[in-house]
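Dear colleague,

I am passing on the structure we spoke about, and my notes on it follow below. Please read them with the coordinates open beside you.

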Amino acid sequence: MASSSHPLRVLILGGTTEALALGRALENTFDLHGIFSLAGITPSPHLPHIETRQGGFGGIEGLATYLHAQGIGAVIDATHPFAAQMSRNAVAACAQTGTPLLRLQRPGWQASPDDNWIIVPDIDAATAALGATPRRVFLTTGRKDLAPFRAAPQHHYLIRSIVAPDPASLPPDHTILLQRPPFTRESETRLMREHRVDILVTKDAGSDATSPKLAAARDLGLPVVMIARPTLPPARTVATVHEAIDWLHGLAHAGTRRDV
Ligand code: NAP
């Protein structure tokens, strides 16, 4: 059982607003010791005031070794819904080491009757959905997912990214915007008007910080190519930081039972 002298050691796999909020919530808990982990890609990330680490673990085996060596009593997978590799590794490594795992994942966005969404299963399908006629595309899929759009060079791409994309991944006709969320409905509408955008491409991130682009597209009557979330192996899942904290407290007070 965790106690103030031996708090439950919790690995938070981060990269989302929810992960950061959870890390902050563990700053002053006596029964939980949070360790906040990032892939280490984003420069100057927001960090909670708890123990942090950055960089990959080295696949399933590397993560399993880390969990064992660090005496981790619980893992919270609060990675982005499209960070599928990390989520798969977490399921496998936790199963291998008997470490309780909770996935903290916000629900996906829901279309309203006024939306015109074209839902596609992956990036390649999103590229195909743009069609043959040249269009002005607002591309918000992240810098790792740009290369497939090189196969559709007839379009102009307004590419928004937090970090500058690799030039080799860029389609030929593009404009780059380096911006970090949150955004507002007004600023998104203005941006799409200024750049004469006629279609938006996004992943179903489900985040409030980036959803204003959907409202702006609706206001402007623009279609949205919505890339569906990848399928992940099953794991106990909650949608809110509050539920994750409840689960952790339950675990800390029950001891690190293998069946929790
Ligand atoms: P990914 O494809 O699932 O992960 C690739 C590799 O990066 C993982 O196998 C792991 O390396 C390492 N990694 C990922 N997340 C990590 C974490 N929190 N702590 C330590 N290592 C981590 O992930 P991704 O799509 O590249 O995303 C990377 C990070 O950016 C994630 O933390 C994610 O939450 C965040 N993010 C992703 C997106 C997106 O659209 N994909 C959007 C916003 C934020 P090892 O195998 O060596 O352990």
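Helix 3 contributes the largest share of the shell around the ligand, namely four residues. Before going further, please keep in mind that this is a predicted model, and that every value in this message was computed from it. Helix 3, which spans 84–97, and strand 2, which spans 32–38, each supply at least two residues of that shell. In total, 23 residues surround the ligand, and the closest are Gly14, Ser37, Phe57, Lys144 and Lys203. Sorted by class, the shell consists of nine nonpolar, 11 polar and three charged residues.

For Asn89 the side chain is involved, with one of its N or O atoms 3.4 Å from an oxygen atom of the ligand. As for how much of the ligand is covered, it would expose 810 Å² if taken alone, and the protein buries 77% of that area.

Six of the seven residues of strand 2 are buried, so that the strand is mostly covered. On one side, strand 2 pairs with strand 1 (residues 8–13) in the parallel sense, over six bridges. Within this pairing, Val10 stands opposite Gly34 of strand 2, while Leu11 has Ile35 as its bridge partner in strand 2. The chain passes from strand 1 to strand 2 by way of helix 1 (residues 17–25), and this β-α-β crossover is right-handed. Strand 2 is also joined to strand 3 (residues 51–54), to which it runs parallel, by four bridges, and here Phe36 stands opposite Thr52 of strand 3.

In general, the strands of a sheet pair through backbone hydrogen bonds, in either a parallel or an antiparallel arrangement. In this model, six strands form an open sheet in the order 3-2-1-4-5-12, and their pairing is parallel. The edges of the sheet are strand 3 and strand 12 (237–238), each of which pairs on one side only.

With best wishes

Note on methods: Residues are numbered from 1 along each chain as its sequence is written. This is a predicted model: local features need pLDDT of at least 70, side-chain atom pairs count only at pLDDT 80 or more; totals for chains, interfaces and linings use all residues. Side-chain values use heavy atoms; hydrogens and water are left out. A residue is near a molecule or strand if one of its heavy atoms lies within 4 Å of it. A polar contact is a pair of N or O atoms within 3.5 Å; within protein, one must be able to donate a hydrogen and the other to accept it, and residues adjacent in sequence count only if both atoms are side-chain atoms. Accessible areas come from the Shrake-Rupley method with a 1.4 Å probe; for residues, only the protein chains shown count as cover. Ala, Val, Leu, Ile, Met, Phe, Trp, Tyr, Cys and Pro count as nonpolar, Asp, Glu, Lys and Arg as charged, and the others, Gly among them, as polar. Buried means under 20% relative accessible area, exposed over 50%, partly exposed in between (1.4 Å probe, protein chains only). Two strands pair if DSSP finds at least two bridges between them. A crossover is right-handed if, with the strands pointing away from the viewer, the path from the first strand over the helix to the second runs clockwise.
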